[in-house]
Number of protein chains: 2
Amino acid sequence: MSRIPVLEIFGPTIQGEGAVIGRKTMFVRTAGCDYHCNWCDSAFTWDGSAKDEIKQMTPEKIWDELFELGGNRFDHVTISGGNPALITAIGELVSLLNEKGIQTALETQGSKWQDWMKNIDDLTLSPKPPSSGMETNFEILDSIVATLLEVGNETIKVVVFDDVDFEYAIKIRERYRDVPFYLQVGNDDITTVDNDLLTKKLLQKYEWLINKVMESPQMNDVRVLPQLHALVWGNKRGV
Amino acid sequence: MSRIPVLEIFGPTIQGEGAVIGRKTMFVRTAGCDYHCNWCDSAFTWDGSAKDEIKQMTPEKIWDELFELGGNRFDHVTISGGNPALITAIGELVSLLNEKGIQTALETQGSKWQDWMKNIDDLTLSPKPPSSGMETNFEILDSIVATLLEVGNETIKVVVFDDVDFEYAIKIRERYRDVPFYLQVGNDDITTVDNDLLTKKLLQKYEWLINKVMESPQMNDVRVLPQLHALVWGNKRGV
Ligand code: SF4
Ligand code: SF4
């Protein structure tokens, strides 16, 4: 039986961002990423700092832990990372969750294809803007977007920190016109423990992004959202 | 040509709540309500305080004003109130918007049926919980929910202020199992101009509601959301 490198299992809580924002869900966070974004808010999944916490778990073991935590109080699981698309065995976890009648969501930057992506209910592709320091491989992303358009389960989400990122977001929007599109305000203070100050800064940044979108005729059929978990719980892990 | 009593036209801005949260949209706020909820955040639409601001407008005139404000920077209009379902002529406005290629959203408490409800893209039914002081007419609500289930354009949203409201929300959830369900945290300070304090209170209340939902096995396939416009702009009108 295949194993999945898991860093955190928690919930039930809300999904704080993107297409299923507010949805009651459990989280499974996998270890490992092929990117190293400047502002990654889960760098512990790939920078070695939490490597002693990684557990190699079978899908059954993950289910047991989800059920122990959530009991009859959940019907949705979000798989996040790191980049879970690096892990072929996620397919077995998704099948198991489907069998149990559990809906699934997953987020990836879109740098790697896995056949199991077709079986995720809500798949978020989140290509990274210039401020991340990463380069989008458009050949791979084009092909993932096209395949999932046939399934109808994908949305695109671009995190925006500055004007250059916003230009990138417009480019992505225009390249993939048929995919529901989300803009998310970036959190550029991922270490503070002063939650009131963080909330204030995030809401100011959110208002800035709203204004950019409102002025832009290229950004009409879009949604602009904050990260609700950051507003409520700050930079705390595991909520 | 029929006329519609209009109190405000503004935008583009974001839809701050419910099923299309974050969506770029224009707002048309109509005057008049058959309810008088204790905590109504738009009481000026029915309490007489803004009666001199009401304009009787044809759908064409409303379109002209929307276009003047929004130009080529919108493709979505939200019709709110008051209770817009009191106004038969909304049907002509919706047809006109459809012709122009504009998507529409509308919110009503579900106390009155109108045939044009079938032509709204995102129709939110928001029955009012006990803290409002209002009584839900379930005969009418049942029939609206059933008719719109065939169209597939409805969601239900219940605002929750306290434990008794939460019990009401569970009842609504169980009565209408097939309709996508949203819980929204109530704003019980609709006059303050201290936005930082309001944000803090709203986020605390939101966390309280999240916790209620997380503990409840009757509330699994649901979304819990705040009002984003209240977090960003406080109680300011017309944003
Ligand atoms: S792709 Fe995601 S997990 Fe990977 S480094 Fe970037 S932000 Fe972090
Ligand atoms: S139904 Fe809506 S507009 Fe009417 S009184 Fe209640 S909250 Fe206000």
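Predicted model: local features only at pLDDT ≥ 70, side-chain atom pairs only at ≥ 80, totals over all residues.
Residues are numbered from 1 along each chain as its sequence is written, with chains lettered from A and ligands numbered from 1 in the order of writing. Local features need pLDDT of at least 70, side-chain atom pairs count only at pLDDT 80 or more, and totals for chains, interfaces and linings use all residues, while side-chain values rest on heavy atoms, without hydrogens and water.

Ligand 1 is surrounded by A:Cys33, A:Tyr35, A:His36, A:Cys37, A:Cys40, A:Trp46, A:Gly82, A:Gln109 and A:Lys128. A residue belongs here if one of its heavy atoms lies within 4 Å of the ligand. This shell divides into 5 nonpolar, 3 polar and 1 charged residues. Ala, Val, Leu, Ile, Met, Phe, Trp, Tyr, Cys and Pro count as nonpolar; Asp, Glu, Lys and Arg count as charged; the others, Gly among them, count as polar. Around ligand 2 lie B:Cys33, B:Tyr35, B:His36, B:Cys37, B:Cys40, B:Trp46, B:Gly82, B:Gln109 and B:Lys128. The shell of ligand 2 has 5 nonpolar, 3 polar and 1 charged residues.

The largest nonpolar core holds 132 residues. Such a core is a set of buried Ala, Val, Leu, Ile, Met, Phe, Trp, Tyr and Cys residues joined through side-chain atoms within 4.5 Å. Buried means under 20% relative accessible area, exposed over 50%, and partly exposed in between, with a 1.4 Å probe and protein chains only. A:Leu66, A:Leu183, B:Leu66 and B:Leu183 touch the most other members. Leaving aside residues up to four places away in sequence, B:Leu66 touches B:Ile9, B:Met26, B:Val28, B:Gly71, B:Phe74, B:Val77 and B:Leu97. Contact here means heavy atoms within 4.5 Å.

Over all chains there are 8 aromatic pairs. Rings of Phe, Tyr and Trp (its six-membered ring) pair if their centres lie within 6.5 Å; planes under 30 degrees apart count as stacked, over 60 as edge-to-face and the rest as tilted. A:Phe10 and A:Phe27 are stacked, at 5.1 Å centre to centre and 10 degrees between the planes. A:Phe10 lies in strand β1 (residues 4–14) of chain A and A:Phe27 in strand β2 (residues 24–30), so the pair ties together parts 17 residues apart in sequence. Helices (H or I, at least four residues) and strands (E, at least two) are DSSP runs, numbered from the N terminus. A:Phe10 is buried at 9% relative accessibility, and A:Phe27 is buried at 9%. B:Trp39 and B:Phe161 also form a stacked pair, with 4.7 Å between centres and 25 degrees between planes. This pair links parts of chain B that are 122 residues apart. B:Trp39 is buried at 16%, and B:Phe161 at 10%.

In helix α2 (residues 90–99) of chain A, the buried residues are A:Ile90, A:Gly91, A:Leu93, A:Val94, A:Leu96 and A:Leu97. They pack against β1, β2, α1 (59–70), β4 (76–80) and β5 (103–108) of chain A. Just after this helix, A:Gly101 takes a positive phi of about 80 degrees.

Two cis peptide bonds are described next. One runs from A:Gly11 to A:Pro12, with omega near -5 degrees. A:Pro12 lies in strand β1 of chain A. Another runs from B:Gly81 to B:Gly82, with omega near 10 degrees. B:Gly82 lies in the loop between β4 (76–80) and α2 (90–99) of chain B.
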